[in-house]
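This briefing goes through one protein chain by topic. Please keep the sequence and the structure in view while reading.

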Amino acid sequence: REYVVGPSIQHNGRLVQDVLRNAEETHYPDGFTGVQLSPQEAHEIAACASVFAFVQERVPLREGVVRLGGMFGGDENSYRVSFDEEESTGGGESPSFSCVARVEGFGENSATTTGATTVQVVEQLGPPQDYLVRFLVNGKPRVMQVLSQSVTGEWYMEMHGANLPVLVQSPREFELSRHMLPPKKIDTSDMVLSPMPGVLIGLAVMEGDHVEIGQELCIVEAMKMQNIIRAPRAGIIAKCRVEPGASLMADDVILDYEPVTITEDGENNT
């Protein structure tokens, strides 16, 4: 057989992009926001995550709360997990652990409760902070990948096609953390930030200047190296926050753009 590639087909990158874009528009007209877990899948993740945390911490755990989505995932993504029976055998890098867990939802999921769920750790592979754990959940094989752990104790896990931060807390920790306010999100789209600690040694623009994307804005010196900061987008410089010679910390604001306004015909007015 002979296969001839026509002159108009030189790379399939554009074709793949078109196919994926059309598939997303067809199957997710409101946009793709991630895997939607079923109640059963969420309960299985909660049970497996609590067992994994139990094995890692090596502390007795009769009851805990698993927060899918991390510290500020909300009560609707939190599950109380209690253990009726547990058995630990072996040790070393791949301990064997089996327990009977019960999962109960909070908030909108308060009515969802699973019966006795038998969770068994079959195998644990990988170095610290990059685990691959094989479970048996009511006799059915399940695999969870644990990618990393943050300084706040959240584990980043993949299971059932979902990639999400998971936090396992004691009931007391959960009750106290419910009073914590989520950090405020600051819109920095109209700001030029310092990418590192250093000293601003020069400005290439002034207030009122119109800049194009990629244009040099300023120079930050760090560890005797000069780093050119370029415009992330086209626009008008509204304000210069610092003067040359000033010391900067990472994420300090150097310049402000004028806000982008959208006209009635949908065009950007910068």
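The model is predicted. There are three aromatic pairs in it. Four strands make up an open sheet in the order 9-16-14-11, and the largest pocket has a volume of about 310 Å³.

**Aromatic rings**

- A pair of aromatic rings is described by the distance of the centres and the angle of the planes.
- The count of aromatic pairs is three. In one of them, the ring centres of phenylalanine 52 and tryptophan 155 are 5.0 Å apart and the planes stand at 85°; an angle over 60 degrees counts as edge-to-face, so this pair is edge-to-face.
- This pair links distant parts of the chain, 103 residues apart: phenylalanine 52 belongs to helix 2 (residues 39-57) and tryptophan 155 to strand 7 (residues 155-159).
- Phenylalanine 52 has a relative accessible area of 1% and tryptophan 155 one of 6%. Buried means under 20%, so phenylalanine 52 is buried, and so is tryptophan 155.
- For phenylalanine 54 and phenylalanine 83, the ring centres lie 6.4 Å apart with the planes at 55°, so the pair is tilted.
- Phenylalanine 54 is in helix 2 and phenylalanine 83 is in strand 2 (residues 78-89), so this pair ties together parts 29 residues apart in sequence. Both phenylalanine 54 and phenylalanine 83 are buried.
- Which residues do ring pairs link into a cluster? They are Phe52, Tyr131 and Trp155.
- Over the face of tyrosine 257 lies arginine 233, at 4.1 Å from the ring centre.

- Strands of a sheet pair through backbone hydrogen bonds, either parallel or antiparallel.
- Strand 12 (residues 216-222) has seven residues, five of them buried, and is thus mostly covered.
- Strand 10 (residues 198-203) runs antiparallel to strand 12, and four bridges join the two. Valine 220 in strand 12 is the bridge partner of leucine 200.
- Strand 13 (residues 225-230) also runs antiparallel to strand 12, joined to it by six bridges. Here isoleucine 219 has isoleucine 228 in strand 13 as its bridge partner.
- Two residues separate strand 12 from strand 13, and these strands form a hairpin. In the turn, methionine 223 has a positive phi of about 55°.

- How many bridges join strand 11 to strand 14 (residues 235-240)? There are two, and the strands run antiparallel.
- Glycine 235 in strand 14 stands opposite valine 211.

**Threonine 117**

- Threonine 117 has its place in strand 4 (residues 117-125). Its relative accessible area is 10%; this is under 20%, so threonine 117 is buried.
- Leaving aside residues up to four places away in sequence, threonine 117 touches Cys99, Val100, Ala101, Val137 and Asn138.

**The largest pocket**

- The lining of the largest pocket has 14 residues, of which Val35, Gln36, Leu37, Asn77 and Leu164 lie nearest its centre.
- Helix 2 and strand 8 (162-169) are the elements that give two or more residues to this lining. Strand 8 supplies the largest share, four residues.

Conventions: Residues are numbered from 1 along each chain as its sequence is written. This is a predicted model: local features need pLDDT of at least 70, side-chain atom pairs count only at pLDDT 80 or more; totals for chains, interfaces and linings use all residues. Side-chain values use heavy atoms; hydrogens and water are left out. Rings of Phe, Tyr and Trp (its six-membered ring) pair if their centres lie within 6.5 Å; planes under 30 degrees apart count as stacked, over 60 as edge-to-face and the rest as tilted. Buried means under 20% relative accessible area, exposed over 50%, partly exposed in between (1.4 Å probe, protein chains only). A charge sits over a ring if NZ of Lys or CZ of Arg is within 6 Å of the ring centre and within 35 degrees of the ring normal. Two strands pair if DSSP finds at least two bridges between them. Contact means heavy atoms within 4.5 Å. On a 1 Å grid over the protein atoms alone, a cavity is a set of points where a 1.4 Å probe fits but cannot get out, and a pocket is an open set with protein on both sides within 12 Å along at least five of seven lines; lining residues have an atom within 4 Å of a point. Grid points are joined across faces, edges and corners, and a volume is the space filled by probe spheres set on the points.
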